[in-house]
Amino acid sequence: MNELRLAIPAPEHAAEVAAYRAEMLAAGSEFDGCGGLKDYEDAAEWITWIRLFEREETKPVPDWVTAQQYLLMQNERVLGMINMRLHINNEFLAEYFGHIGYSVRPSERRKGYATAMLGLALRECPQLGLPRVLVTALADNMPSRKVIEANGGQFERYTSPESKILVHARYWINL
C-alpha cells in the first residue's frame, strides 16, 4: 500500500498537485522538473497544459521540446515530480539541463525519494525512445549529484552558461 509509483498527471491528482505547489512556494523551493507548475494557480489547468507536451503536434510552445511529466506518488500523496524531455535538440538543454529534471516536496526531502523517483523514471526511458540520458545538477548541489550517481550517472564534465555564474555537473546514464 505504501509502494512508490510514478503517475502521469490526471484530473484526480489536482488537489495533491495544488498542495505540492503550495508547499514548494512556502519553502521558496525551485520548481525543477515541475513543468511550469509555479506559474499555475489552478492545478487542473496545469495538468491539462502539461499533458499537451507529450506529443509534438499538441505542444503549446513551439520552441519547447516534447516531454513526459510524472508525479511520484505514495498512496495518493504527491511526493515529487520528474519531467523527462524526449529529446534535447536545442543547445541550452543539450549543454545545461539534459533530459531529466526533478524535485521533491520540502517535507519529504532526505528520505531517499529523489533516488527512487529517478530510478523509476529511468525504467520508462527505453519505452520513450531514450537509450541514454543526460542529467545535470548544479555543481554545488551534492544531494542531487549523489542521486544521479546512485542511479548509474557517469560524470562527464562541468559547464556554465556565459550569462550566469552557475556551474552545472553533467552526467550520462546508459540504459
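Select phenylalanine 155 first: this residue is partly exposed, at 39% relative accessibility, where buried means under 20% relative accessible area, exposed over 50% and partly exposed in between (1.4 Å probe, protein chains only). The model is a predicted one, in which local features need pLDDT of at least 70 and side-chain atom pairs pLDDT 80 or more, while totals for chains, interfaces and linings use all residues. Residues are numbered from 1 along each chain as its sequence is written, and side-chain values use heavy atoms, without hydrogens and water.

Rings of Phe, Tyr and Trp (its six-membered ring) pair if their centres lie within 6.5 Å; planes under 30 degrees apart count as stacked, over 60 as edge-to-face and the rest as tilted. The ring centres of phenylalanine 155 and tyrosine 171 are 5.6 Å apart with planes at 70°, so this pair is edge-to-face. Phenylalanine 155 belongs to strand E6 (residues 154-159) and tyrosine 171 to strand E7 (residues 168-174), so the pair ties together parts 16 residues apart in sequence. Helices (H or I, at least four residues) and strands (E, at least two) are DSSP runs, numbered from the N terminus.

Now move to helix H3 (residues 91-97), which holds phenylalanine 92 and tyrosine 96, four residues apart, about one turn of the helix. Phenylalanine 92 is partly exposed at 40%, whereas tyrosine 96 is buried at 13%.

Then select Tyr40, Trp49, Phe53 and Trp64, which form one aromatic cluster. Finally, show the whole protein chain, with its five helices and seven strands.
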